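This report looks at how side chains pack and pair in a single protein model.

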Amino acid sequence: MSLQQRVIEAFHQRFAAPPAFAVRAPGRVNLIGEHTDYNDGFVLPMAIDRAVWIALRSRPNGQVAAYSLDFPQPATFTLSAFAHQGHGWFEYVKGVAWALQDAGHILEGWEGVIAGDVPVGSGLSSSAAIELATARAFAAVSQLPWDAATMARLCQRAENQWVGMNCGIMDQLISAAGQAGCALLIDCRSLEITPVRMPDTLRVVVLDSAAPRELASSAYNERRAECEAAVAKLQAAYPQIRALRDVTPAMLTAAEHRLDQVERKRARHVVFENDRVLRFGAALRSGETDQLGALLLASHASLRDDYQVSSRELDTLVELAMETPGVLGARLTGAGFGGCAIALTEADRAEDAATTVIERYRRATSRAGQAYVTVPSQGAEVLTLDD
């Protein structure tokens, strides 16, 4: 039974009636461009074929009642008055409601059933998936206009200011605007999106380390603060810069003496990672796929050594992947500190590579990792079911 069928059937069972809508929003993998989004830089993610689904219908009096098939505690609140109640999945639902209302949208209540197959804490952005699915749910019952970039911004605000995770725009934007068959080259300053078709000869293998992350705690927000501190010091030499996105490698080399050792490492990663993103996108478009593997490996080395967000498990996955036939390149994906790596593989060897890498990883680490081949999928969407 598909996830869509599961939430619809569960809705029937709970409410003894069919839902009016089913909405979905995908998770994502980032091919390259890590920790560049909150530095106004460039990223190249793709929406994946794993998602959060909600089956729902309108509910009167501004009441919201969302029941998860994955977690025991429901999200039940009134739109006219609600507050934080811990750190569960339901805070993402409330955060989106808060952001939408604060932006001036008039919301209707709804009741529904939620389920997802984006692994939580794996670096595939299950948080953005539930945020965009929630936004789609509110838009459906409240008849709100849907603009992917606007809704992504509001969901980002929900995560920043309600949940307390100081993330950039990438996760929400790719979940909102993903295109089947394409990665999206995103300028995180202008939000300009350029679809980049993935060649049929390549596949992306997600390698889940089964090592959880706690990003909303200190490490992620510390990295962002370190980048902002580097910009403040570099502005003494380059007053025109607004973010590390504006710093070229030559500029950084000339002024890096102004930074302490940690700031120098963080800035070096971001400046050179932006360059790698643009080169990777150009190589995909031109079909020069022989360059892709080296760019992925350089990105991982930079994340490991300069940004210091890798882990023993992620390094092991990358090393094992590079020893596997058919793998062109590999790196951690997502913010790091655990979670997932990706391997770019030849299409006809992808399934074998996934099996081989994860079997060797389990023996090496005693962790129950997982691997699966994914393809670029559509972004957040709604289906009307009452025709």
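## Charged pairs and packing

In this predicted model, Asp305 and Arg304 bring their side chains together in a salt bridge, with 2.8 Å between N and O. Asp305 is partly exposed, at a relative accessible area of 38%, and Arg304 is likewise partly exposed, at 35%. Salt bridges with shared partners also link Asp40, Arg189 and Asp246 into one network.

Because Asp246 lies in the loop between helix 6 (218–234) and helix 7 (249–255), and Arg189 in the loop between strand 6 (182–187) and strand 7 (193–197), the pair ties together parts that are 57 residues apart in sequence. The structure holds 21 salt bridges, one of which joins Glu381 to Arg24, where the closest N and O atoms are 3.0 Å apart. Glu381 belongs to strand 12 (residues 381–384) and Arg24 to strand 1 (residues 21–32), so this pair connects parts separated by 357 residues in sequence.

The table gives the relative accessible area of residues in these last two pairs.

| Residue | Relative accessible area | Class |
|---|---|---|
| Asp246 | 22% | partly exposed |
| Arg189 | 23% | partly exposed |
| Glu381 | 29% | partly exposed |
| Arg24 | 9% | buried |

Phe280 is in contact with Leu31, Ile32, Leu44, Leu292, Leu295, Leu296 and Leu344, when its neighbours within four places in sequence are left aside.

Thr345, in strand 10 (residues 340–346), counts as buried because its relative accessibility is 0%. Beyond residues up to four places away in sequence, Thr345 touches Thr201, Leu202, Arg203, Val205, Gly326, Val327, Leu328, Ala350 and Ala353.

Finally, the axes of helix 4 (residues 148–163) and helix 5 (residues 170–177) come within 8 Å and cross at roughly 140 degrees, and the crossing is right-handed. On the helix 4 side the contact is made by Ala148, Ala149, Ala152, Cys155, Gln156 and Glu159, and on the helix 5 side by Gln172, Leu173, Ala176 and Ala177. By class, this contact has seven nonpolar, two polar and one charged residues.

Notes: Residues numbered from 1 in each chain as written. Predicted model: local features only at pLDDT ≥ 70, side-chain atom pairs only at ≥ 80, totals over all residues. Heavy atoms only, no water. Contact = heavy atoms within 4.5 Å. Axes fitted to C-alpha atoms, helices over the stretch in contact; angles between N-to-C directions. Helix = DSSP H or I, 4+ residues; strand = E, 2+ residues; numbered from the N terminus. Left-handed = near helix turned anticlockwise from the far one by under 90°. Nonpolar A, V, L, I, M, F, W, Y, C, P; charged D, E, K, R; others polar. Buried < 20%, exposed > 50% of the residue type's maximum accessible area, 1.4 Å probe, protein only. Salt bridge = Lys/Arg side-chain N within 4 Å of Asp/Glu carboxyl O.
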